[in-house]
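Welcome! Open your viewer, get ready to select a few residues, and follow along one stop at a time.

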Amino acid sequence: MQRLENKIALVTGAARGLGRSHAVRLAEEGADIIALDICAPVAGIDYPMATLDDLRTTGDLVVEAGRRVVTAEVDVRARRALTEAVEAGVAELGGLDIVVANAGVAAFGRWNDTDGQQWEAVMGVNLTGTWNTMVATIPHLQARGGGSVVVTGSVASVEGLPCAEAYTASQHGVFGLVRSLSAELIEEGIRVNAVRPTGVSGTGMPQTLPAVADVQAGLRGESAFRRGFEADTVEPADVSNAVLYLASDASRYVTGTAMPVNAGLISH
């Protein structure tokens, strides 16, 4: 099925993990792709970011799926550079119909171990970066007469994760953006939704719930925390299929939601 035939989709954080999975899945369904990623370290985040080679691989996979692709190295925190990258991609491919605001980082630790650099990195990429992505792309959706914005959120969008204050605050803020913009843009035919997965394997980011569990285990000496959370880890494809639904016309009356992909970990 070509559910996105003749559509153009932009994906941030596209070089690996969920971003790559989203880009390739949308391409398989007929969308041309604008794939963006920082491809550089983020100060305050203690795990490696994706590389330029990772982004090239994503581009190659989109081409193998039979679709056109534009790639660019850009930091979603840098609004001007992001806007320029979006405009260049739109000019080359001919428009924009779908936005997947996927770029995100995480840091874990007790509240008094979270320094200012970690806080600024997580809030900057996850919340400000998502806002910048929306600001840079919504005018192009308006020019097409509508479209779909899908944000990669987290179970932390609706739950408080201990030892993850910055991450949880950023994800709550992201869902607030989804709810506010969905109400504001519905009359223009622009839908805004989120997916909120549990831990996802193979993303490069520490799997959120297992990482929290490690901190909790260190605090409480309860190794069962990690074992319990690991049972609820999903695959990138599971999340990408939810993104595909929200990006496609199959969800044309769905907006302002945060679709759970969490193996039943949280019931709401």
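**First stop: a strand and its neighbours**

Select alanine 101 and valine 151: alanine 101 stands opposite valine 151, which is in strand β5. Helices (H or I, at least four residues) and strands (E, at least two) are DSSP runs, numbered from the N terminus. What you are viewing is a predicted model, where local features need pLDDT of at least 70, side-chain atom pairs count only at pLDDT 80 or more, and totals for chains, interfaces and linings use all residues. Residues are numbered from 1 along each chain as its sequence is written, and side-chain values use heavy atoms, leaving out hydrogens and water.

Now widen the selection to residues 147-152, strand β5, which pairs with β4 in the parallel sense over four bridges. Two strands pair if DSSP finds at least two bridges between them.

Buried means under 20% relative accessible area, exposed over 50%, and partly exposed in between (1.4 Å probe, protein chains only).

**Second stop: arginine 196**

Select arginine 196 in strand β6, residues 190-197. Is this arginine 196 buried or exposed? Arginine 196 is buried, with a relative accessible area of 5%. Show its side chain, and you will find that it reaches the backbone oxygen of alanine 258 at 3.0 Å.

**Third stop: charged pairs**

Side chains of opposite charge can pair when their charged atoms come close. A salt bridge is a side-chain nitrogen of Lys or Arg within 4 Å of a carboxyl oxygen of Asp or Glu, and the count here comes to eight.

Start with arginine 77 and aspartate 75, whose side chains meet at 2.8 Å, N to O. Arginine 77 is partly exposed, at 31% relative accessibility.

Then select aspartate 97 and arginine 144, a salt bridge with its closest N and O atoms 2.9 Å apart. Aspartate 97 lies in the loop between α3 and β4 and arginine 144 in the loop between α4 and β5, so the pair ties together parts that are 47 residues apart in sequence. Aspartate 97 is buried at 10%, while arginine 144 is partly exposed at 37%.

Terms used:
Polar contact = N/O pair within 3.5 Å; in protein donor to acceptor, adjacent residues only side chain to side chain.
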